[in-house]
Amino acid sequence: MSQRQPKRTKSVVSAQLRDAIVTVAQQHVPLAVVGGDPDDRWLWEILLYASANALNIESACNELADAPSGNTTREYFKEALCDQRPSLVALEAELNAALHDQLPRRIRKPLAQGRSYEVAIDLHDIPYHGQPALAPDEIRHGPAKSGTTQCHSYATLAIVHQSQRYELALSFVWADETLAAVVERLLALKNKLNLRVRRAYLDKGFCSQSVFTVLRAHRLPYIIPIPRRGKQLADGRYLGGIGRLFSRCRGYYARYTFNAGLPTEYTTDVALVRTYSGGRYGRHRGEWFAYAVYALEHIPPNQIFSLYRRRFGIESGYRQLDQVRARTRSNSPALRLLLVAVALLLLNAYLALRQRWLTMRRYDQRVRYLWLTLARLVLFLSRLLEQLYGVRPLVQNLHTQT
């Protein structure tokens, strides 16, 4: 007769998750609220509740019975945060220290031992419909989204490890900065952590000579997709741009010159990849992809396509970030940066816990699996905070017509 086996994994309760996030946040980002009501811990727990339910601070305070009023909470944040550019840079350093300290031990230990990781650098734009708080440089302009071309932009540096991405650094992007300067700042944070990079994946928005120059100066192998430009004929041929190299039956390496014939021309190695959809998405033809690469000549071109697909986890991570990001109508860039950082702390905690919750217990040869989703995790966290603070009853306002 088979006997029941003991549990293979430790149970993780909502209180431990809350304590893990609040403790690291209080340690690295003190809000300078000493004594009284609310204190630092209350403010962080209110932010967690607002993030878990995608609410603004006012709505979170209204739903929690024992929480301070929304006006009081906003005043505390207004006193603790400063929107001046030097203060925002200092806040970035504190938030990045919290993100690094929150990494799981299985990541931090190899990182300290000099293990190399794949990294991804990306921009995340949050539409904004208001006016800047202090300076026009706080707001960037780009393609129309949610009815506006204005946005607050945030650059992130993430580690890609075993199909998981852990956010390592966050930086506010000013309107007067170039993408090359943003990449340089993130790489400086990388060097501060002694992070060795195996490969770097960047979005096609970073495809520019200045970014190539920065990455090559740091000797970082990179893969950056090249956008297709130029007129395309009916037979699929391109008259200009990178599309002129889409001429063979299989992928290959080549040299390509950006801005040919101009003083700003720049020549780099490119990997041209041709893939076949095999009927997926209703397509029965070959599709060409072009990537700017560096120090990756030993990798076959088609494998470049497979490697870059690992970056798609970053894109899904940004969709999840919007699910757990607290909303606000404030024009304070410091408060908005703080809300994005809290969402990243929640995402990192979710990724660290998801594998540990996968196998629950063993009985003979059977294994029970419980897949922990992000929605379920924030639901557990929200229930805990509602038990601690209580929930105000919902009262319907009836208007009687006479």
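A crossing counts as right-handed if the near helix is turned clockwise from the far one by less than a right angle, and as left-handed if anticlockwise. Everything below comes from a predicted model, where local features need pLDDT of at least 70, side-chain atom pairs count only at pLDDT 80 or more, and totals for chains, interfaces and linings use all residues. Residues are numbered from 1 along each chain as its sequence is written, and side-chain values use heavy atoms, leaving out hydrogens and water.

**View 1. Helices α7 and α8 side by side.** The axes of α7 (residues 179-192) and α8 (residues 209-217) come within 8 Å and cross at roughly 20° (axes are lines fitted to C-alpha atoms over the stretch in contact; angles run from 0 to 180 degrees between N-to-C directions; helices are DSSP runs of H or I, at least four residues, numbered from the N terminus). The pair is therefore roughly parallel (under 35 degrees). α7 passes α8 in a right-handed crossing. L179, A180, V183, E184 and L187 of α7 touch S210, V211, V214 and L215 of α8 (contact: heavy atoms within 4.5 Å).

**View 2. Helices α2 and α4 crossing.** Here α2 (residues 40-52) packs on α4 (residues 70-80) at about 110°, axes 11 Å apart. That makes the two roughly perpendicular (65 to 115 degrees), and the crossing is left-handed. From α2, L43, I46 and L47 meet T73, Y76 and F77 of α4.

**View 3. Confidence, and the start of the chain.** The protein averages a pLDDT of 84, with 85% of the residues at 70 or above (pLDDT is the predictor's confidence in each residue, from 0 to 100). Over residues 1-11 the pLDDT is below 50, and this stretch has 13 contacts in the model beyond near neighbours in sequence.

Notes: Angles under 35 degrees count as roughly parallel, over 145 as roughly antiparallel, 65 to 115 as roughly perpendicular and the rest as oblique.
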